[in-house]
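Here is a friendly briefing to read alongside the sequence and the model.

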Amino acid sequence: MSTTAHADPHADGATRRDFLTLLALAGAAVGAGAIAWPFIDSMEPAADTLAAGEPIEVDISKVAPGQQIVVMWRGKPILLVRRTPEALKTLQSPSLLHILSDPNSTVLQQPPYANNWHRSVNPEIAVLVGICTHLGCVPVFYPNPSATDPQPNWPGGYLCPCHGSKYDLAGRVYSGVPAPYNLPVPPYRVVNEKTLRIGENPAGSDFDLNSIVQI
Ligand code: FES
């Protein structure tokens, strides 16, 4: 992460995106008081593992329903959420589906094994790349439905602090916002009840994150 932090933000598009990501991460960290947004290095991968972009293992056993943890993989924030039964119900509700841009994930923004209504392997656990598909800020986690916060009639999801793009708790983008695509889903596999391995596909899949439409 430190090498990215010193990159020239004007060098090229990809670097600018990294820069924006870091800016948003810094802002989110400062304003994280009311938001469950802990960074976790639960399995403490070695620095050379992270630098090489190797798969990392994440312990999700302590993530309570409705909570999110964030880990870094290949310099990207990976958002892991344990969705509540209510949140899973909301993801299927017609009133939400009709305000989403791509409710059925027709655009390639996820591996084939996450091309379903919950965009994940296990419906309860969301795994998303936390980079807004507009210009790369990190969307802020507002999991709870609210009449007022952060916006009127909020069903629970993510709000991008940069230009207001909205995503649901499966990373599906709303219609009429600047972001054009759903949040990417990284390759990952379920090792056991407690552990996910980010960056490695389940047996039989050769999904490559670079094949998606936009990250
Ligand atoms: S970067 Fe997220 S809305 Fe612009």
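In this predicted model, Arg189 and Glu200 meet through their side chains in a salt bridge, at 2.5 Å from N to O. Through shared partners, salt bridges join Glu57, Arg189, Arg197 and Glu200 into one network.

**Salt bridges**

- The count of salt bridges comes to 5.
- Both partners of the Arg189 pair are partly exposed: Arg189 has a relative accessible area of 26%, and Glu200 is at 24% relative accessibility.
- Another salt bridge links Arg82 with Glu124, whose closest N and O atoms are 2.7 Å apart.
- That pair connects distant parts of the chain, 42 residues apart: Arg82 sits in strand E3, and Glu124 in the loop between helix H5 (94-97) and E4.

**The nonpolar core**

- The largest nonpolar core has 45 residues, and those with the most contacts inside it are Val58, Ile78, Leu80, Val127, Tyr158, Leu196 and Ile198.
- Two or more residues each come from strands E1 (56-59), E2 (68-73), E3 (76-82), E4 (125-129) and E9 (195-198), and from helix H4 (85-91).
- Which element gives the largest share of this core? E4 does, with 5 residues.
- Leaving out residues up to four places away in sequence, Leu80 touches Val58, Ile60, Gln67, Gln68, Ile69, Val71, Ala126, Val127, Leu196 and Ile198.

**A look at Val81**

- Val81 lies in strand E3 and counts as buried, with 2% relative accessibility.
- Beyond residues up to four places away in sequence, Val81 touches Gln67, Gln68, Glu124, Ile125, Ala126, Phe141 and Tyr158.
- One of these contacts, Glu124, is also the salt-bridge partner of Arg82.
- The C-alpha atoms of Val81 and Val70 are separated by 8.8 Å, with the two residues 11 apart along the chain.

**Cysteines and the disulfide**

- The count comes to 1 disulfide, which joins Cys137 to Cys162 with an S to S distance of 1.9 Å.
- The link is left-handed, with -90° about the S-S bond.
- Cys137 is in the loop between E4 and strand E5 (140-142), and Cys162 is in the loop between strand E6 (157-159) and strand E7 (166-167), so the pair, 25 residues apart, links distant parts of the chain.
- Cys132 is buried at 2% relative accessible area, and Cys160 is buried at 4%.

**The E5-E6-E7 sheet**

- An open sheet is formed by 3 strands in the order E5-E6-E7, with antiparallel pairing.
- E5 and E7 are the edge strands, each pairing on one side only.
- E6 and E7 run antiparallel and are joined by 2 bridges.
- Leu159 stands opposite Lys166 in E7.

Definitions and conventions. Residues are numbered from 1 along each chain as its sequence is written. This is a predicted model: local features need pLDDT of at least 70, side-chain atom pairs count only at pLDDT 80 or more; totals for chains, interfaces and linings use all residues. Side-chain values use heavy atoms; hydrogens and water are left out. A nonpolar core is a set of buried Ala, Val, Leu, Ile, Met, Phe, Trp, Tyr and Cys residues joined through side-chain atoms within 4.5 Å. Buried means under 20% relative accessible area, exposed over 50%, partly exposed in between (1.4 Å probe, protein chains only). Helices (H or I, at least four residues) and strands (E, at least two) are DSSP runs, numbered from the N terminus. Contact means heavy atoms within 4.5 Å. A disulfide is a pair of cysteine sulfur atoms within 2.5 Å. Two strands pair if DSSP finds at least two bridges between them. A salt bridge is a side-chain nitrogen of Lys or Arg within 4 Å of a carboxyl oxygen of Asp or Glu.
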